[in-house]
Amino acid sequence: MDAFLAAAALIFDLKVLFVIIASAAFGMFVGAMPGLTATMATALLVPITFFMDPVPALGAIVTATAMAIFAGDIPAALLRIPGTPASAAYTDESYAMSKKGELDLNLGVNLVFSVLGGLIGVAILILCAPALAEAAIHFSSFEYFWLALLGLTCAVFMTSEDPLKGITSLLFGLAINCIGIDPAAGFPRFTFGNVELLQGISFIPAMIGMFALSELLRGAVTVDQQGAVLSQKIGNIFTGVFGVFKKYWFNFLRGSAIGVVIGALPGAGADIAAWISFAVSKRFSKEPEKFGTGHIEGIVDATSANNSALGGAWIPALVFGIPGDSITAIVIGVLYMKGMNPGPTVFLQNPQFIYAVFIIFILANILMLPLGWLAIKSGKQILRVPRNVLLPIILIFCVVGAYAMTNSTFGIIIMLVMGMVGWLMEENGFPIAPAILGLVLGEMLEQNFMTSMIKADGSLLFFFERPIAACLGAATILIWGAMLWRGFNPKAGLIPGLDTTPGA
Amino acid sequence: MRANDAISGLVLILLAAAMIALTAHFPEFPGQKYGPSLFPRIMASGLIVCGALLVRKGLAAHRTTGAPWVEIAPWVHEPWRLGSFLLMLGLLLLYIVASETVGFIPIALLFLGALFLWLSVKPLTAVITAIAATLIIHWFFSTLLRVPLPRGWLNSIL
């Protein structure tokens with residue numbers, strides 16, 4: 001209880017509240033702008049949060065991402081362009097509804113179910129995280145080695161249609177992570193005598209490059225293609241939402257549950273949660289023929305799922321230090337830089353910090369209701385902001401942000417190189433998320449692997465001697481087996497019978 | 001630019017081979033079997049396996065469907081779009097090379113102004129936005145967050 005009060009005191013501070021509201025507005029804007037994603041919002045925020053205390057820093061990231069994931073629904077309804085990839089699953093459905101004249105109901109449902117889905121995500125996070133942390137406190141290097149490997153495996157398994165490219169991307173990230181002083185013996189590797197490379201590839205500039213710069217490079221060649229906004233007037237968006245809730249409350253619970261689970265799986269975030277829950281909704285609907293004609297049912301599932309996935313992703317991130325999606329991957333990078341190594345010990349040593357995350361999450365989701373209403377009301381104005389003005393400003397912001405991490409042009413060089421690499425990877429169908437996870441988890445994986453190898457004196461059987469380690473190891477090997485099987489049977493989908501191919 | 005998987009695979013194999021070659025000089029510690037070279041070697045070996053599989057896949061695609069070795073995206077043939085892409089990269093390089101001597105404010109003005117005008121923002125809007133954005137970013141990072149943005153030519157004034 002003391003910790004809870006301490007956390008509340010940390011948050012209900014004028015400065016922190018200001019940071020939260022400012023980042024909420026920022027997140028709304030970034031999410032509503034097509035081409036700017038929630039991950040990018042985080043990447044742009046990190047150079048700023050770097051200079052804050054941990055609680056406002058986390059508050060900024062949590063709030064901005066929650067808002068961005070909802071705000072992505074607005075251009076989907078008005079323009080037929082998803083604001084973030086998390087809204088892509090139901091963009092067509094949503095636009096079809098708007099064209100049928102149900103724009104108000106559509107936006108209202110998106111807002112209310114985003115808020116409710118988000119709250120379910122937080123509730124499960126609050127229930128699960130402390131319990132899991134209690135179990136995790138007894139883990140040794142073997143368990144952590146398997147956990148890291150399991151996390152990375154999931155990342156490959158979930159993100160890509162082409163597992164081979166996913167694994168390649170992951171290994172690439174892990175290989176880049178080897179640059180710099182090695183964690184076991186302190187020997188400088190692959191630095192070529194360069195002093196700045198001793199610390200390794202700085203994570204934040206690398207991430208700004210891969211998530212923001214590569215996106216800007218793609219945006220640069222389509223800058224003049226701005227869609228035409230629907231000319232319908234937006235009225236009272238809350239009319240009829242309660243009716244939808246009464247009819248589809250089960251869809252809402254199912255979507256939120258799927259969202260939390262997918263979010264908690266490393267590597268898969270809000271976008272995949274939305275695709276899968278939309279597909280599930282269609283599969284089990286009583287009126288599947290209505291899907292595609294502007295039917296609200298699938299939207300309820302998916303819009304709840306993508307917001308609940310955000311909370312879900314924090315479960316493994318807080319408990320094990322293993323990110324559930326690319327946003328928490330960035331968060332973990334931030335936490336390490338602040339000297340707070342995420343993991344079960346944080347729950348013991350700094351419980352007020354965990355409670356603070358919970359409170360911010362709840363606060364952000366409640367704040368989403370009025371702010372989301374404002375964003376919807378001004379949606380047309382937001383979407384009129386010209387991209388040719390926005391793009392250069394974001395670019396210079398990335399440059400300064402990357403510079404601020406190292407206080408030297410070295411950060412900008414890393415950003416440029418990784419941005420080009422990220423751009424080339426996306427062009428050639430290599431997913432970026434596994435590479436970033438490799439970069440974040442690489443050190444933890446190597447450290448625990450080396451410690452375990454030395455403890456076990458090279459005997460691989462030791463890796464399975466402790467019961468939990470054995471379970472985790474078996475699970476990892478099982479997933480690798482499934483992936484190999486999928487590699488040899490290319491027609492088998494992620495889940496049999498479900499079409500979950502992401503389009504973007 | 002979309003390269004055939006065979007090319008991506010080949011590049012990866014070369015990179016990974018170079019990585020393994022570099023680990024040959026890593027020190028061994030007496031009495032300890034596993035040194036700093038172990039982990040990079042495992043990763044590089046993995047990359048070589050993946051690279052080989054990619055080469056096989058790419059070659060198969062080339063043989064069966066006649067997939068080209070390198071596919072150029074349509075925007076590359078439009079000078080203005082290609083220009084936008086190259087200008088962004090060029091300005092970033094210029095910033096890296098020149099920012100320390102020139103200073104943040106002049107180079108950011110040039111950076112924003114050039115991009116705005118190229119992306120056909122109206123000249124007056126371009127100038128005003130460039131000045132406003134530069135000053136706001138400078139104030140935000142330099143004054144508020146105390147990031148030592150390079151002063152360059154304006155060293156005596158600021």
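B:Leu59 counts as partly exposed because 15 C-beta neighbours lie inside 10 Å; a residue is termed buried with 20 or more other C-beta atoms within 10 Å of its own, exposed with 12 or fewer, and partly exposed in between, the C-beta atoms being placed from the backbone. The model is predicted: local features need pLDDT of at least 70 and side-chain atom pairs count only at pLDDT 80 or more, whereas totals for chains, interfaces and linings use all residues. Residues are numbered from 1 along each chain as its sequence is written, and chains are lettered from A and ligands numbered from 1 in the order in which they are written. B:Leu59 belongs to helix 2 (residues 38–65) of chain B, helices being DSSP runs (H or I) of at least four residues, numbered from the N terminus. Between the C-alpha atoms of B:Leu59 and B:Leu115, which are 56 residues apart along the chain, the separation is 41 Å.

Chain B is divided into domain 1 (2–71) and domain 2 (75–156), with bounds from an automatic or database domain assignment. The centres of these two domains, taken over C-alpha atoms, are separated by 38 Å.

In the interface, 45 residues of chain A are in contact with 49 residues of chain B, contact requiring C-beta atoms, placed from the backbone, within 7 Å. Helix 17 (387–406) of chain A is among the elements that give two or more residues to the side of chain A touching chain B, and its 11 residues form the largest share of that side. By residue class, this side comprises 35 nonpolar, six polar and four charged residues; Ala, Val, Leu, Ile, Met, Phe, Trp, Tyr, Cys and Pro count as nonpolar, Asp, Glu, Lys and Arg as charged, and the others, Gly among them, as polar.

Helix 9 (residues 203–220) and helix 19 (residues 433–456) of chain A have axes that come within 11 Å and cross at roughly 175°. The axes are lines fitted to C-alpha atoms over the stretch in contact, with angles from 0 to 180 degrees between N-to-C directions. Helix 9 and helix 19 of chain A are therefore roughly antiparallel to each other, the term applying to angles over 145 degrees, with those under 35 roughly parallel, 65 to 115 roughly perpendicular and the rest oblique. A:Phe203, A:Ala206, A:Met207 and A:Met210 in helix 9 meet A:Ile436, A:Leu439 and A:Val440 in helix 19. The residues of this contact are seven nonpolar, no polar and no charged.

Technical notes. Two residues are in contact if their C-beta atoms, placed from the backbone, lie within 7 Å.
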